[in-house]
Amino acid sequence: MNRVLGIRRHPLKSAAAEHVDEAFIGKHGLDGDRTWTCLDADGTIGSAKQPRLWERLLAVGAAYEAGDVTITTPGSTPAKAGTAEADDAVSTWLGRRVSLTRRPPSQLKRHHWWPDEPGMIPDWAADKEPGGDDVVDARHDAEGGRFFDYGAVHLVTTGALERLSAEHGSEVDPARFRPNLILDLPADPEPGQRLSIGPDVILEVAIPTPRCVIPSLAHGDAPADRALLKTLATHHRIDVPAFGRATCFGFYAEIRAVGTVAKDDEVTVTE
């Protein structure tokens, strides 16, 4: 049966995923997902897309409950996001002063590192220098209070993961792609197709997800794997409608009907 295999949310942008058995998907995404971000001293928001500055954020835990987010850095005592204790813990872990916020700065920017693996820079950034640092515009859903890179919901399928693992020669952990939902489907659905999940939720596939350096970084038990970028660029550089060619894995979806999703919910794909 096509089903929901995993549900993950990221209450703090670029921090570790929280694995949950069920979650409410509203019109802005999973309840509690990407509602907080780190703010650097220069006013940019935290993103592991610049690993030199933010890779260690991937090891920070963030748990959402009843509107509050609890932050845990390795070896520290949990602290509530929005307190000096949480700011101090994350600052100590990163080795420089940062603060946690759910309010975007007036100029929403983030640092970005363009991978030097051939094929990893998308067509729309063809003027960028491979291996170069950059400061780019970041996105914020003002109405929903979310720090998203593009879509409100990001998904991967077991079929695509199995194919990628075969191409790579070893199993690829889905954590590397930071999805909200892992679906037990034989392949990714196409843009425009709809996913009915459980009794209420309907998602419509938007676009494939362009990839950056993040899949090659360490995620929990999954160690750093620089060679994964070569596998992705070799086998997964495709046309992204209305944008151009890019190395992609997974897909974004728009929310057409809200509701609660739970592990093992049935998934139906329709045109």
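In this predicted model, the buried residues of helix H3, which spans residues 158-168, are Thr-158, Gly-159, Ala-160, Leu-161, Leu-164, Ser-165 and His-168. These buried residues of H3 pack against strand S1 (3-9), strand S12 (153-157), strand S13 (181-184), helix H4 (227-235) and strand S17 (244-257). Several of these elements return below, where the briefing turns to strand pairing, pockets and aromatic pairs.

**Helix H3 and its end**

- Just after H3, Gly-169 takes a positive phi of about 85°.

**Strand S1 and its partners**

- Strand S1 is largely enclosed by the rest of the structure, because 5 of its 7 residues are buried.
- S1 and S13 pair in the antiparallel sense over 4 bridges, and within this pairing Val-4 stands opposite Leu-183 in S13.
- S1 also pairs with strand S2 (residues 18-20), again in the antiparallel sense, over 3 bridges; here the bridge partner of Ile-7 is Val-20 in S2.

**An open sheet of 3 strands**

- The strands of an open sheet of 3 strands follow the order S4-S3-S18, and their pairing is antiparallel.
- The edge strands of this sheet are strand S4 (29-30) and strand S18 (259-262), each of which pairs on one side only.
- Strand S3 (residues 22-26) pairs with S18 in the antiparallel sense over 4 bridges, and Phe-24 stands opposite Thr-260 in S18.

**The largest pocket**

- The largest pocket holds about 850 Å³ of space, and its lining consists of 38 residues, of which Lys-49, Arg-110, Asp-149, Pro-210 and Tyr-252 lie nearest its centre.
- Two or more residues of this lining come from each of strand S10 (109-113), strand S11 (133-137), S12, strand S15 (201-210) and S17.
- By residue class, the lining of the largest pocket divides into 20 nonpolar, 8 polar and 10 charged residues.

**The second largest pocket**

- About 380 Å³ of space lies in the second largest pocket, and of the 21 residues that line this pocket, the closest to its centre are Arg-163, Asp-188, Pro-208, Ile-238 and Gly-250.
- The lining of the second largest pocket divides into 13 nonpolar, 4 polar and 4 charged residues.

**Aromatic pairs**

- A search of the whole structure finds 4 aromatic pairs; in one of them, the rings of Tyr-150 and Phe-243 have their centres 6.3 Å apart and their planes at 80°, so the pair is edge-to-face.
- This pair links distant parts of the chain, with Tyr-150 in the loop between S11 and S12 and Phe-243 in the loop between S16 and S17, 93 residues apart.
- Both of these residues count as partly exposed, Tyr-150 at 32% relative accessibility and Phe-243 at 39%.
- Tyr-150 also forms an aromatic pair with Tyr-252, and this pair is tilted, at 5.2 Å centre to centre and with 40° between the planes.
- The second pair likewise links distant parts of the chain, since Tyr-150 lies in the loop between S11 and S12 whereas Tyr-252 lies in strand S17, 102 residues apart.
- Tyr-252 is buried, with a relative accessible area of 11%, and this residue is also among those nearest the centre of the largest pocket.
- Trp-124, Tyr-150, Phe-243 and Tyr-252 form one aromatic cluster.

**Ala-257 in strand S17**

- Ala-257 is found in strand S17, and the C-alpha atoms of Ala-257 and Arg-245 are 30 Å apart in space, although the two residues are 12 residues apart in sequence.
- Leaving aside neighbours within four places in sequence, Ala-257 is in contact with Asp-200, Val-201 and Ile-202.

Definitions and conventions. Residues are numbered from 1 along each chain as its sequence is written. This is a predicted model: local features need pLDDT of at least 70, side-chain atom pairs count only at pLDDT 80 or more; totals for chains, interfaces and linings use all residues. Side-chain values use heavy atoms; hydrogens and water are left out. Two strands pair if DSSP finds at least two bridges between them. Buried means under 20% relative accessible area, exposed over 50%, partly exposed in between (1.4 Å probe, protein chains only). Contact means heavy atoms within 4.5 Å. On a 1 Å grid over the protein atoms alone, a cavity is a set of points where a 1.4 Å probe fits but cannot get out, and a pocket is an open set with protein on both sides within 12 Å along at least five of seven lines; lining residues have an atom within 4 Å of a point. Grid points are joined across faces, edges and corners, and a volume is the space filled by probe spheres set on the points. Ala, Val, Leu, Ile, Met, Phe, Trp, Tyr, Cys and Pro count as nonpolar, Asp, Glu, Lys and Arg as charged, and the others, Gly among them, as polar. Rings of Phe, Tyr and Trp (its six-membered ring) pair if their centres lie within 6.5 Å; planes under 30 degrees apart count as stacked, over 60 as edge-to-face and the rest as tilted.
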